[in-house]
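Welcome, and please take a moment to look over the sequence and the model shown here. We will then walk through them together, one place at a time.

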Amino acid sequence: MSDSTISILVPTYNERDNVTALVERLGRALAGRKYEIVFIDDNSKDGTAEAARALAVKYPIKVIVRTTERGLGSAVVHGFNVTTSDILGVIDADLQHPPEVVTDLIKAIDAGADLVIGSRYVKGGGCEGWSLTRRIISKGAIFLSHLFLPRTRGIQDPMAGFFMLRRSVVQGAKLQPTGYKILLEILIEGKFNKVSEVPYMFKVREKGESKLKAKTQIDYLKHLYSLMKRSGELVRFIKFAVVGGSGVLVNLGIYSLLTRLLHMNIYTAQAIAFEASVISNFLLNNFFTFADRKANRASSLLTKFIKFNIISLAGYGIQAASLWLFHSVIGWNDIVANGIGIIIATLWNYLLNMWWTWK
Ligand SMILES: Nc1nc2c(ncn2[C@@H]2O[C@H](COP(=O)(O)OP(=O)(O)OP(=O)(O)O)[C@@H](O)[C@H]2O)c(=O)[nH]1
Ligand SMILES: [Mg+2]
């Protein structure tokens with residue numbers, strides 16, 4: 001394995017003052033390996049490409065300058081496409097990813113990992129000098145990814161820009177890199193078995209300017225939506241909502257039957273009708289919405305059913321609370337108040353069932 005060639009891809013935009021230190025430090029970390037450092041520069045105005053080329057007399061360096069495209073994610077994918085090495089690494093140019101950690105990434109690949117992530121969120125990792133706001137945004141982004149993209153759940157730092165992988169992970173993968181989060185794209189579209197994370201400390205940028213803008217956060221949400229669509233999670237949510245709608249019909253139908261035909265007490269009828277809709281929702285969700293994670297053995301079906309009941313009961317509580325708050329307290333129309341309750345309860349039911357029942 002130690003014979004494999006390694007391409008370290010470095011996307012750059014105006015990083016002239018960082019390239020020399022980066023190359024020297026990468027050179028030390030990669031000594032004894034067959035490697036190349038590939039800069040993918042988006043026509044920087046500060047002479048980044050020239051500075052990188054000047055180092056090629058001493059180091060195995062390639063410099064690619066793109067003039068028609070801009071963007072970190074697409075620069076990385078461009079790097080995948082124009083290199084031929086078995087092992088591909090990605091690192092920022094600004095030294096916020098300590099180049100020495102590349103040694104640990106390679107060790108993990110040699111030990112059998114298909115994909116290894118330089119991680120800020122495993123023991124020993126962290127971020128230097130981040131404001132509380134930036135920490136919250138970062139954690140929030142990870143939380144959303146864990147919630148809506150189940151494939152990223154075991155990974156503490158799916159937003160990392162520092163990683164290494166075997167070419168087979170991205171070979172033939174339909175990568176659509178929009179924005180910054182190229183690793184997220186790989187986690188959804190790539191092919192891999194073993195992923196590992198190695199800790200590192202995300203350093204403060206010392207030279208050059210950050211390209212991170214507020215728009216990056218909006219781009220992330222768009223990207224998340226696109227990945228949900230492609231990974232089938234959006235369709236799953238729609239199925240869940242449709243099943244929920246069918247539950248309302250079951251509930252109303254049985255309630256009418258029990259009260260009008262059997263003249264049952266309305267509260268008893270309401271409880272029976274509610275449970276009947278929980279049962280039909282559960283079965284439809286198990287064999288339709290979550291068919292890929294369904295319970296087959298009776299014992300696990302029962303466990304899931306109990307969890308589903310608990311969540312549904314709480315969901316019902318949310319609906320009742322919302323009717324009370326928006327109608328009785330605030331004085332809105334009861335149908336509007338109930339509608340809000342249904343939306344909140346549907347989201348609650350969906351998220352909790354994703355997280356707990358059919359995890
Ligand atoms: N090729 C290319 N590289 C880019 C582009 N935008 C950013 N980069 C590079 O991607 C890396 C990360 O960008 P940064 O601006 O440092 O983003 P960040 O590290 O998330 O944010 P800071 O912590 O504020 O620095 C750096 O090496 C940049 O030069 C781009 O549009 N094209
Ligand atoms: Mg940076």
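Predicted model: local features only at pLDDT ≥ 70, side-chain atom pairs only at ≥ 80, totals over all residues.

Once its neighbours within four places in sequence are set aside, valine 102 is in contact with Ile8, Leu26, Leu30, Ile91, Phe162 and Met164.

Next, turn to the magnesium ion, which is ligand 2. Two residues coordinate this ion: Asp94 through OD and Gln96 through OE1, at 1.7 to 1.9 Å. Are these two residues buried or exposed? Buried means under 20% relative accessible area. Aspartate 94 has a relative accessibility of 4%, so it counts as buried. Glutamine 96 has a relative accessible area of 11%, and therefore it is buried too.

Now for a pair of helices. In general, two packed helices are described by the angle between their axes and the distance between the axes. Helix H5 runs over residues 132–148 and helix H8 over residues 214–230; their axes come within 11 Å and cross at roughly 10 degrees. Because of that crossing angle, H5 is roughly parallel to H8, as angles under 35 degrees count as roughly parallel. Which residues meet here? From H5 come Ile137, Ala141, Leu144, Ser145 and Phe148, and from H8 come Gln217, Tyr220, Leu221, Leu224 and Met228. Sorted by kind, the residues of this contact are 8 nonpolar and 2 polar, with no charged ones.

Leaving out residues up to four places away in sequence, asparagine 286 touches Ala291, Lys294, Ala295, Leu301, Lys304 and Trp358.

Another residue to look for is isoleucine 311, which sits in helix H11, residues 298–329. With a relative accessibility of 2%, isoleucine 311 counts as buried. What does isoleucine 311 contact, apart from its neighbours within four places in sequence? Its partners are Trp348, Asn349, Leu352, Asn353, Trp356 and Thr357.

Our last stop is a pair of loops. Asparagine 14 lies in the loop between strand S1 (5–12) and helix H1 (16–29). Its phi is near 55 degrees, which is a positive value in a residue other than glycine. Asparagine 14 counts as partly exposed, at 24% relative accessibility. Histidine 263 is found in the loop between helix H9 (233–261) and H10. Histidine 263 is not a glycine either, yet its phi is positive, at about 50 degrees. Here the relative accessibility is 64%, so histidine 263 counts as exposed.

Note on methods:
Residues numbered from 1 in each chain as written. Chains lettered and ligands numbered in written order. Heavy atoms only, no water. Axes fitted to C-alpha atoms, helices over the stretch in contact; angles between N-to-C directions. Helix = DSSP H or I, 4+ residues; strand = E, 2+ residues; numbered from the N terminus. Parallel < 35°, antiparallel > 145°, perpendicular 65-115°, else oblique. Contact = heavy atoms within 4.5 Å. Nonpolar A, V, L, I, M, F, W, Y, C, P; charged D, E, K, R; others polar. Donors = N, O, S within 2.8 Å, 3.2 Å for Na, K, Ca; no water. Buried < 20%, exposed > 50% of the residue type's maximum accessible area, 1.4 Å probe, protein only.
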